[in-house]
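This briefing is meant for someone meeting the structure for the first time.

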Amino acid sequence: APGPAGGAAHPDPAGEDRRALLPLPERVRADLRRTAGLRRCARPTRGRAMKGVLGIELGSTRIKACLVEATDPTAVIATGSFAWENRLENDLWTYDLDDVWHGVRAAVADLLREARSGTGEAPEIVGLGISGMMHGYLALDADDRLLVPFRTWRNTNTGAAAAELSEAFGVNIPLRWSIAHLHQALRDGEAHVPHIASVTTLAVAASKAIEELGLGNDQSAAG
């Protein structure tokens, strides 16, 4: 039956016409139970620093930091965040990498303020993990210098490249994947291509920068 103003009917009408929801797989149910177990940890005696593991997430709209107890990852000590947005430059979505480091510092500072409010002491960070946008295009030269502004997963100008790669490999290569961005740059004859020594993602670049500061490779970092 036609919908309002002669349009098509709603593809998912309410009520008895809606298909019944399938039960969640047990693996998903277990993950939900585990997530529901997260809790705020009890505050230690004032003046005693807590030991924790720090996680940093470079998300699309926020950079988030979360510190959990070193001996109990379900116990959250403190959290922090920093809001940011990508911007359109030369018809491509990008972030300024300086904003990455500013945002990480701001999110961690926010977390440390919360942690200190309970104990009066900065926590001792004994481990660190980083995650971030899983796709994107960071093209680096042999000295790890950025050749073109970071191209985020949001860019979909790679239609021709994705189609060629999908046909060549016999599997679907999505528009947003890093390999599609690289192949599109090759097809377009972009000037930076001959100087590429490596292509990486934001999470890997951030992890490498932190390792160079001596905070990775299972080394401890003071809060």
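R113 and D110 both belong to helix α2 and sit 3 residues apart, about one turn of the helix, where helices (H or I, at least four residues) and strands (E, at least two) are DSSP runs numbered from the N terminus. The model is a predicted one, in which local features need pLDDT of at least 70 and side-chain atom pairs count only at pLDDT 80 or more, while totals for chains, interfaces and linings use all residues. Residues are numbered from 1 along each chain as its sequence is written, and side-chain values use heavy atoms, with hydrogens and water left out.

**Salt bridges**

- A search of the whole structure finds 8 salt bridges, a salt bridge being a side-chain nitrogen of Lys or Arg within 4 Å of a carboxyl oxygen of Asp or Glu.
- R113 is exposed at a relative accessible area of 53%, whereas D110 is partly exposed at 27%; here buried means under 20% relative accessible area, exposed over 50%, and partly exposed in between (1.4 Å probe, protein chains only).

**The network around R87**

- R87, E89, D96 and D99 are linked in a network of salt bridges.
- Because R87 lies in strand β5 (residues 87–89) and D99 in helix α2 (residues 97–119), their pairing ties together parts that are 12 residues apart in sequence.
- R87 is partly exposed, with a relative accessible area of 31%, and D96 is partly exposed at 30%, as is D99 at 27%.

**The second largest pocket**

- The second largest pocket has a volume of about 290 Å³; on a 1 Å grid over the protein atoms alone, a pocket is an open set of points where a 1.4 Å probe fits, with protein on both sides within 12 Å along at least five of seven lines, and a volume is the space filled by probe spheres set on the points, which are joined across faces, edges and corners.
- Its lining is made up of 14 residues, of which L140, D144, A205, K208 and A209 lie nearest the centre, lining residues being those with an atom within 4 Å of a point.
- Two or more lining residues come from each of α2, β8 (136–140), β10 (198–200) and α5 (202–212), and α5 gives the largest share, 5 residues.
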